[in-house]
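Good morning, colleagues. Please look at the structure first.

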Amino acid sequence: MPPFDDWNIIDEEEEQELQDAAFFEGKRDVILFCIDCSESMHELRDDPNYEDVKTSHLFTALEAAMQIQKKKVIVGPNDSVGIVLFNTTRSSEAKNHATEIKKNTFVYQPISPISAPAIQELIQLLDAAREDPELLKSTFPPLTGKKMPMGDVFTSCNWVLRDGAPKTASKRVFLITDDDNPHPGSKQLLTSARTTLLDLTQSGVQIEPFFIATPEKPFEPSKFYSSVLLPNVLNNEEEDTGVLPESTSITRIDDLLSQMRFHEVPKRAMFSIPFQLADGFVISIKGYGLVTEQKKGAYKYFVDLSDRMEVANSRTVYVDEDQQAEVDKTNVVYGMSLGAAPVEDVSDEEGEGVDTASRAVPLGKRPFYTADEIRSFRTLDLEPGIKLLGFKNRKELAFEDNVKHSVFICPDELKYSGSKRTFTALLKKMIEKKKIGLVLALTRRNSAPIFCAMLPQAESGEEGEWNEPAGFHLIPLPFADDIRAAPLEEAFRAPDEVKDAARAWIDKLCVKNGAYPPDSYPNPALAYHNAQLQASAFREEFDPETFEDLTRPKYDMIHKRAGDLMKKWKNALWNDESANVVAMTTGSKRKAGVSVDEAEIRSKHEDGTLGKLRVDQLKDFLKSKSQPVSGKKAELIDRVGDWLDAH
């Protein structure tokens, strides 16, 4: 299947400028790590990876931030990252902010594009802190006796992002703390924190909290954060679940980096369009791609100017071959080939002054269209949006109807007030009645309208684990032109003995929980490529032997658990006559050779694999040795074996 970015690419190179470039703009991402520096975060603990080494939650949080930045050097070089520490007595030394940062907040890394020197500075700090565990506590002294108001923390984050983040970028704050109740008994500070957080989210910033819990000190979001942070799920406004669905509760501190890497991928909306439920009844929705192929970063071209290297940029130019002069793109029209060769002698007067809706093309001449006309053909003059056509039973949606990646849609309350409530009511009723929706969708201004199935999904999952949010999957349906018939040929049927032998080893190798978790297996080719580039960027040694490919099967375990059962199945398969029957096919393909030399047959006899030979090959060998050729395959194998043993 094509990735999302390829959906709207036109095959012809000369038509690529017709793409709607709005979706490709503003793809930069900004992450601000907001890390708690309180005394509990500085508390020294045994390092789970190294013996006789002490670490702390603050060290692990900074190390995770460093690893995310190192990854972005390769996969997101245009992104920006910053680090803010709160509950510390160290004052901020940043001078490039227009507004003063709140007290007890320290900007360790201002928002800036990813750069290797800044990351290396953080690496040096962490290396020194590993040698001296007390270094972080002296570098970022914790605030003692009290906690900084969370409202001031969110205000500082807002100022840092406002002064340093590009306006068109997607902005997120990774909040890392182990304190589940920073202001016990203070409703005023709770209300202040909720109000300032609302200002932060309304400016386009998304909060992604990472709560650190330990067996001695579990983290309970219901004490404070479930009343402050805004849940991003579809619940009725009157309901208060007391659970923060978008939070990640870290019960093992070494899981912090893996959870951050999973959440590091930005959640960018592919489109934000109206959803028409009926005439005059419209809400607003946003669409997100749940699966997009991750590719290697684009290479750049450089020109060697002996004393320096300069980036070579490419551009498309249209040239008149006769005049050898550059043509303005606005004067370019598009010719459609109808099977006849184009006629050179076309007068300028032909076709002028004729309405485009009823344009007549002289016989044997090529029709020409402007870019606006081509766009009109593609979109059928429809505006972006989704129109509900009706409903069908859930079981009528076939698996093979999915011809492209589905898109996940959820309500957008900012454009149409009441969208969330209406969307939720429709979702719950469709789930209750086991229905799917049929819609006509035009998701982008320059795309073609398609029919889609709207599959409802209820919220599922447990706190701290992977959650499936509530919403609809928009599944593109095939047109009649897209459907192909499969060749219906009856295959050979294996006997019950072979089936039972196969079932025995298959049951031994079943995937845990009966599912394949794709978030646990990164693309090994991409990871290997990025690891080499990352080592080169930071002047580190790359040892290919240390690279771990998680997709590589564990052959030792497979042979230990099911090796004997596989051998039994193979023996049953070799002794099955139906497995050696060759299906008759049409055509004039050359018949496979029958004769097999004696050395090869003797080798198979010694290995016990005579069953791999075909019946005609066994008979040919016996005939050459003046032996009887009658009987079933098993008898022929025994006869060949007896002759070989006697000679």
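Is aspartate 29 buried or exposed? Aspartate 29 counts as buried, at 0% relative accessibility. Here, buried means under 20% relative accessible area, exposed means over 50%, and partly exposed lies in between, with a 1.4 Å probe and protein chains only.

Before I continue, a word on the source. This is a predicted model, in which local features need pLDDT of at least 70 and side-chain atom pairs count only at pLDDT 80 or more, whereas totals for chains, interfaces and linings use all residues. Residues are numbered from 1 along each chain as its sequence is written, and side-chain values use heavy atoms, with hydrogens and water left out.

Let us turn to the partners of aspartate 29. A salt bridge is taken as a side-chain nitrogen of Lys or Arg within 4 Å of a carboxyl oxygen of Asp or Glu, and by this rule the structure has 22 salt bridges. One of them joins lysine 72 to aspartate 29, with the closest N and O atoms 3.4 Å apart. Lysine 72 lies in helix α2 (residues 57–75) and aspartate 29 in strand β1 (residues 29–36), so this pair ties together parts that are 43 residues apart in sequence. Helices (H or I, at least four residues) and strands (E, at least two) are DSSP runs, numbered from the N terminus. Lysine 72 is itself buried, with a relative accessible area of 1%.

Aspartate 29 also forms a salt bridge with arginine 172, where the closest N and O atoms are 2.8 Å apart. Since arginine 172 belongs to strand β6 (residues 170–177) and aspartate 29 to strand β1, the pair ties together parts that are 143 residues apart in sequence. Arginine 172 is buried too, at 2% relative accessible area.

A further salt bridge brings together the side chains of lysine 223 and aspartate 180, at 3.8 Å from N to O. This pair links distant parts of the chain, 43 residues apart: lysine 223 is in the loop between β7 (205–212) and β8 (248–250), and aspartate 180 in the loop between β6 and α6 (187–202). Lysine 223 counts as partly exposed, at 44% relative accessibility, while aspartate 180 counts as buried at 7%. As for networks, salt bridges that share partners join Asp29, Lys72, Asp79, Arg172 and Glu208 into one.

I now move to the aromatic rings. Rings of Phe, Tyr and Trp (its six-membered ring) pair if their centres lie within 6.5 Å; planes under 30 degrees apart count as stacked, over 60 as edge-to-face and the rest as tilted. The structure holds 16 aromatic pairs. In one of these, phenylalanine 423 and phenylalanine 472 are edge-to-face, because their ring centres are 5.1 Å apart and their planes stand at 80 degrees. Phenylalanine 423 sits in helix α9 (residues 419–433) and phenylalanine 472 in strand β21 (residues 471–476), 49 residues apart. Phenylalanine 423 is buried at 0% relative accessibility, and phenylalanine 472 is buried with a relative accessible area of 0%. Elsewhere, Phe211, Phe219, Phe224 and Tyr225 form one aromatic cluster.

Finally, the backbone. Glutamine 324, although not a glycine, has a positive phi, near 55 degrees. Glutamine 324 lies in the loop between β13 (318–320) and β14 (325–327) and is exposed, at 60% relative accessible area. Lysine 434, likewise not a glycine, has a positive phi of about 55 degrees. Lysine 434 is placed in the loop between α9 and β19 (435–442), and is exposed at 61% relative accessible area. Thank you for your attention.
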